[in-house]
Amino acid sequence: MREALLKHPRLISLEGGEGAGKTSAIAAIRELLQSRGHEVVLTREPGGTPLAERIRELLLSSHEEPLAPETELLLMFASRSQHVREVIRPALQRGAYVVTDRFTDSSYAYQSDGRGLDRALVEELERRVVGLKPGLTLLLDLDVREGRARTSGRDLWPDRIESEQDDFFERVREGFRKRALAEPERFRVIDAGQPPAAVGAAVHGAVTSWLEANP
Ligand code: Z5A
């Protein structure tokens, strides 16, 4: 098992609550990186490999019994372990950029801040199972109700996590914000409540300056 936690400059993650606009942000980052001649791998969590996508199904669908918070956390890391080994490390090793829709910060925010699991357990799993951290993380920060309003038309059948109450999502949002404050060199916080063009410009600016500082 891995012990060290390596921050990789070509691993970029997008984080935020429901409806924050990660999809458009990721497309814009791909365009920017490709326009500079880089290979880009777009991926997501939970998921990103066939097996990890099956774990995603388990995580997001409803079950005949409640999913224990510890089970949820371990399934997130089972999916991530597979994703890192099969997709992320090989792509980084051949020189590609990897842009992922969510990574370990989501486990801190949802499973530790949201569900109340011990943060030390997440840290241990991150260090021993993942061993990798993004060099740059864009946090698309959005009011919880605004995020829900954006997705309400789309999600006729909200998934297991989307079905949580607002206070859960408030804790998640606060968790993300605390992480961003604690690691300002890695995080860029973007106000996702702005119109799409303004969010797009903020994403473009953040990634451009990151690339200039980390050629
Ligand atoms: N999860 C976890 O608990 N622990 C973990 O470790 C990991 C994940 C990795 C699945 O993630 C769930 O897993 C997630 C966290 C948990 N549960 N929740 N909630 P997901 O990434 O698949 O789910 P999501 O983040 O909820 O996806 P989303 O709602 O699609 O968010 P998004 O991708 O950021 O939103 P979007 O599709 O880009 O935009 C949503 C809508 O808003 C769309 O109609 C847009 O046109 C609109 N939009 C976007 N930007 C704007 C602006 N600026 N103004 C107005 N409207 C906008």
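Analyst: The second largest pocket has a volume of about 170 Å³. Thirteen residues line this pocket, and A20, G21, S24, P196 and V199 are the closest to its centre. A pocket here is an open set of points on a 1 Å grid over the protein atoms alone, where a 1.4 Å probe fits, with protein on both sides within 12 Å along at least five of seven lines; lining residues have an atom within 4 Å of a point. Points are joined across faces, edges and corners, and the volume is the space filled by probe spheres set on them.

The model is predicted: local features need pLDDT of at least 70, side-chain atom pairs count only at pLDDT 80 or more, and totals for chains, interfaces and linings use all residues. Residues are numbered from 1 along each chain as its sequence is written, and side-chain values use heavy atoms, without hydrogens and water.

Helix 1 and helix 8 each give at least two residues to this lining, and the largest share, four residues, comes from helix 8. Helices are DSSP runs (H or I, at least four residues), numbered from the N terminus. By class, the lining has seven nonpolar residues, five polar and one charged. Ala, Val, Leu, Ile, Met, Phe, Trp, Tyr, Cys and Pro count as nonpolar, Asp, Glu, Lys and Arg as charged, and the others, Gly among them, as polar.

For comparison, the largest pocket has a volume of about 820 Å³. Its lining has seven nonpolar, nine polar and 14 charged residues, and helix 4 gives the most to it, with four residues.
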